[in-house]
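Please keep the sequence and the coordinates in view while reading.

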Amino acid sequence: MKLTRRRQIVSARHRFATSQGGITEKESIVVTLEHDGIIGRGDAVPSALYGQSLEASEEALDAMTPLLGDDPFAVETLIGRLIERCDAQRAAIAAVDSALHDWIGRRLGLAVWKLLGLERPCIRTTFTIGVAELDEIREKVDEALAAGYEALKVKVGVEQDHDVLALIRERFDGPLFLDANQAWEPGEAADKVRALARFRPTIIEQPLRMAEWRRMAELRELGVALIVADESCQRPADVVRLHGIVDGVNIKLTKCGGIREALRMIVLARALNMRTMLGCFLSSSLAIAPALAIATLVDFADLDGHLLLADDPFRGLTREGGLIAVGDTPGLGVDLRKADARPLVSSGSGNG
Ligand SMILES: [Mg+2]
C-alpha cells in the first residue's frame, strides 16, 4: 500500500470560537492510500488539546507506512498495529482508518455504511453557534433557522451566556445543546448549571476541565440536562471510567483513531446504558464522512464541521434542512471538488 499526504487549509464562514479561543481557518492533512489501482482517502485533523499536531501527525504517518503491508482488508489488525506504534497520534490513525474503509468500499463497490451493516445515514445534526458578539449571534441564529436546522449547539462558558441564550430562546424552541468546553471550576459549576435550567438545555457538554471528570457526577445529579463528557472521553477505556459519572459521551474519530475505535466506544456506551454522541472539529467533509457513515448508531450527531466552512474542498455529503446524508456511492461517498494541483508527499520520504 502506498500512502501519500498533503496539507490542506480550510476557512470558516464566520470566525469560530469557544470559551477557549477562536479560529478562522483550520489546517489538516489529507491522506491518500493507493493499492491495486484504487485510492482511499482520509483527513487528519489534529487537536493540540489531545497532544496532537500537524508535525507529529506527519511523523506518525511516515512511521506507519512500513507497517501497512499489502492487505487493506485487514483493517482490524492494521489499526491495532498502528495504535501500538503511534498511540499518541490518533488523528493520524483516524485518517488511515478512513482511507482503508474508503478503499475497501470503492474496491467492493459498496458504501462504507453498507459495508458495516448499517442503514443509509440521513440524520439530524446540531448546528453550532460559537462564542461571538450578540449582534453576530443574532445573525448566525437567524441564518441557521432559515437554513432549517432543527437542533442548535451553543458554545457557553463566557460572561454573556445568559444574554445569548435568552436571545436564542426568543427565536427557537427546539433542542438546545450547550458546550462549556471545560470552562468552569468545580466550586462554581453547580450554580452555573442550575442557572441554565431556565433555557431548557437537552445536554450540557464538558462543564469541567478534563482532569476533573469525577466532579461531573455532582452536576448530573442536579437533573438540569444530560451531562456529556467530551474532552474527558477520548478512547474506549474512558467510556468505562465515566460510567456512573456522566450521562453520555461525545465520541470523535480524531480522538479515538477512526471508525474501528469509535464503534468500540459506541458498543461499550450502549452496553453501559449511556447516551452516545458523535462530534467533530471544523473540518472538510472528508473528515466528516467516516463519522457520518456510523452516525445511525448514536443518539445525537454533532457533525456540522463542514457546514461551517466557506470552502469545503470535498463534495458528496448532502444537507436538507437539519438533516445530513450520504448516498450509496462506493466508499465514503466524498470526492475532491476539483483536482488538486499541489504535489503529494510520499509518506516515509521524510520531507514535507
Ligand atoms: Mg465539545
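**Sheets, metal site and helix packing**

An open sheet of four strands has the order S3-S2-S1-S17, with antiparallel pairing. Here helices (H or I, at least four residues) and strands (E, at least two) are DSSP runs numbered from the N terminus, and two strands pair if DSSP finds at least two bridges between them. The model is a predicted one, in which local features need pLDDT of at least 70 and side-chain atom pairs count only at pLDDT 80 or more, while totals for chains, interfaces and linings use all residues. Residues are numbered from 1 along each chain as its sequence is written, and side-chain values use heavy atoms, with hydrogens and water left out.

Strand S2 (residues 21-35) runs antiparallel to S3 and is joined to S3 by seven bridges. Leu 33 has Gly 40 of S3 as its bridge partner.

A further open sheet, of eight strands, has parallel pairing and the order S5-S6-S7-S8-S9-S10-S11-S12. Strand S5 (127-129) and strand S12 (300-301) each have a single partner strand, so one side of each is left without a neighbour in the sheet. Within this sheet, strand S10 (residues 248-251) and strand S11 (residues 275-278) run parallel and are joined by four bridges; Gly 248 has Arg 275 in S11 as its bridge partner. Helix H11 packs on the sheet and touches S10 and S11, and its direction makes about 170 degrees with that of S10. Such angles run from 0 to 180 degrees between N-to-C directions, and axes are lines fitted to C-alpha atoms, for helices over the stretch in contact.

The magnesium ion is coordinated by Asp 179 (OD), Glu 205 (OE) and Asp 230 (OD), at 2.0 to 2.2 Å. Donors are N, O and S atoms within 2.8 Å of the metal (3.2 Å for Na, K and Ca); water is not among the atoms, so sites may look incomplete. The donor residues are spaced D-x25-E-x24-D in sequence. Asp 179 lies in strand S7 (residues 176-179), and Asp 230 in the loop between strand S9 (226-229) and helix H9 (236-242), so the pair ties together parts that are 51 residues apart in sequence.

H11 also meets other helices. The axes of helix H2 (residues 75-86) and helix H11 (residues 259-271) come within 10 Å and cross at roughly 95 degrees. H2 and H11 are therefore roughly perpendicular to each other; angles under 35 degrees count as roughly parallel, over 145 as roughly antiparallel, 65 to 115 as roughly perpendicular and the rest as oblique. Contact (heavy atoms within 4.5 Å) is made by Val 75, Glu 76, Ile 79 and Ile 83 of H2 and Arg 260, Glu 261 and Arg 264 of H11.

H3 and H11 pack at an angle of about 100 degrees, with their axes 8 Å apart, and are therefore roughly perpendicular. Their contact involves Arg 90, Asp 97 and His 101 of H3 and Ile 259, Arg 260 and Glu 261 of H11.

Helix H3 (residues 90-108) also crosses helix H1 (residues 54-64) at roughly 50 degrees, their axes coming within 8 Å, which makes H1 oblique to H3. Ser 57, Ala 60, Leu 61 and Met 64 of H1 touch Ala 92, Ile 93 and Val 96 of H3 as the residues of this contact.
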